[in-house]
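Welcome, and please take a moment to turn the model around before reading on. We will walk through its sheet, its helices, its cores and its aromatic rings in turn.

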Amino acid sequence: MSISTPGGDQRRPSVVSTGKKPAAGRPASGGKSAGGKTDAARPAGGTRPAGAGKGPRKPIAPVKVSQGRSWGPIALFVAVGVLAAAIIGYGGWAAFQGSKPWEDRAAAIDGISNFRKSDPDLVKGGNHQTGAIQYTVLPPVAGPHNAAWQNCQGDVYDAQIANEHAVHSLEHGAIWITYRPDLPAEQVEKLAERVRGQEKMLLSPFQGIDKPISLQAWGYQLKVDNADDGRIDEFIKTLRINASVEGPNANCGQGITATGAAPRDLGDPMTQG
């Protein structure tokens, strides 16, 4: 049916009833729900969209991926530590060794013969004699000797020298290195390098020794097979000057410089020849 409204020609649209009611709980199309919001803002069933009404999302922490342990720097650090410990340990050991009396250090040299201990009478010193002297130990290490010493200021002799003069040099604290004449030239040169320019050192060949090389200090002897033996340097370091029975200032210059097995007595015109 039509309904007339006031206002003359202004008419209200006709509403045609279909006879159907809106579904329960749902407003008619285009209507508003409680709170003034349209149905289009809410999904069917009345539920909120996920996250609706919540604050901003928290940032997601990054996941750390293990790259494995780097062993190179660790190995280097360990190696450096071990090396440093070895150096410190050796330094302490060397300092301890150096603090020992020289007699104890000499006794520690492998193969050394100590005639001061085995024959105290041999090493008394100060017994000057003229002429040739017979020695029971060869090369001799101590005993009676000529009043003139062999020059021992780093002298390298290419021929045998008189025992009587060399023993006097030992009494002054010299190291006398001897070698068999058949020792190879390169071995002789290695010995000479230890002697040249060194105070209280002398080198000469020696006939008839039972080892290629023999070292003498006053009352001590060491025999070795070759010039590369490390005990040579230890013998020199320990006994040079220390083994003197006339003190560290005993003269090693202005001595006999001639070679030959026969001793030259003072006053002989060939004494300095």
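Two strands pair if DSSP finds at least two bridges between them. Strands (E, at least two residues) and helices (H or I, at least four residues) are themselves DSSP runs, numbered from the N terminus. Keep in mind that this is a predicted model, where local features need pLDDT of at least 70, side-chain atom pairs count only at pLDDT 80 or more, and totals for chains, interfaces and linings use all residues. Residues are numbered from 1 along each chain as its sequence is written, and side-chain values use heavy atoms, with hydrogens and water left out.

Let us begin with the hairpin of β5 and β6. There are 2 residues between these strands, and in this hairpin Gly219 takes a positive phi near 90 degrees. The strands β5 and β6 run antiparallel and are joined by 5 bridges. You can trace the pairing residue by residue: Gln216 has Gln221 in β6 as its bridge partner, and Ile213 has Val224 in β6. On β6 there is also a link to β1, antiparallel again, with 2 bridges. Here Ser113 has Gln221 of β6 as its bridge partner.

Now step back to the whole sheet. It is an open sheet of 6 strands with mixed pairing, in the order β1-β6-β5-β3-β4-β2. Its edge strands, β1 (113-114) and β2 (153-156), each pair on one side only. Buried here means under 20% relative accessible area, while exposed means over 50% and partly exposed lies in between (1.4 Å probe, protein chains only).

Helix α5 (residues 185-195) lies across β2, β3, β4 and β5, at about 160 degrees to β4. For these angles, axes are lines fitted to C-alpha atoms, for helices over the stretch in contact, and the angles run from 0 to 180 degrees between N-to-C directions. Contact means heavy atoms within 4.5 Å.

Which residues of α5 are buried? They are Gln187, Val188, Leu191, Ala192, Arg194 and Val195. Seen down the axis of α5, these buried residues fall within an arc of 155 degrees, so they line one face of the helix; the arc is that of the directions from the helix axis to the C-beta atoms. On the other side of α5, Ala185, Glu186 and Glu193 are exposed. The buried residues of α5 pack against β2, β3, β4, β5 and α6. After α5 comes Gly197, with a positive phi near 75 degrees.

In α6 (231-239), the buried residues are Ile232, Phe235, Ile236, Thr238 and Leu239. They pack against α2, β3, α5, β4, β5 and β6. Just after α6, Ile241 takes a positive phi of about 75 degrees.

These pieces meet in the largest nonpolar core, which has 26 residues; among those with the most contacts inside it are Ile175, Leu191, Tyr220 and Phe235. A nonpolar core is a set of buried Ala, Val, Leu, Ile, Met, Phe, Trp, Tyr and Cys residues joined through side-chain atoms within 4.5 Å. The elements giving two or more residues to this core are α2, β3, α5, β4, β5, β6 and α6. A second, separate core of 21 residues includes Ile133, Val141, Ala166 and Trp218. Back at Ile175, contacts beyond its neighbours within four places in sequence include Met201, Leu202, Phe235 and Leu239.

We end with the aromatic rings. How many aromatic pairs does a search of the whole structure find? It finds 2. Rings of Phe, Tyr and Trp (its six-membered ring) pair if their centres lie within 6.5 Å; planes under 30 degrees apart count as stacked, over 60 as edge-to-face and the rest as tilted. Trp102 and Tyr220 have ring centres 6.0 Å apart and planes at 65 degrees, so this pair is edge-to-face. The pair links distant parts of the chain, with Trp102 in helix α2 (residues 102-107) and Tyr220 in strand β6 (residues 220-224), 118 residues apart. Trp102 is buried at 15% relative accessible area, and Tyr220 is buried at 3%. Trp176 and Phe206 also form an edge-to-face pair, 6.1 Å centre to centre with 70 degrees between the planes.
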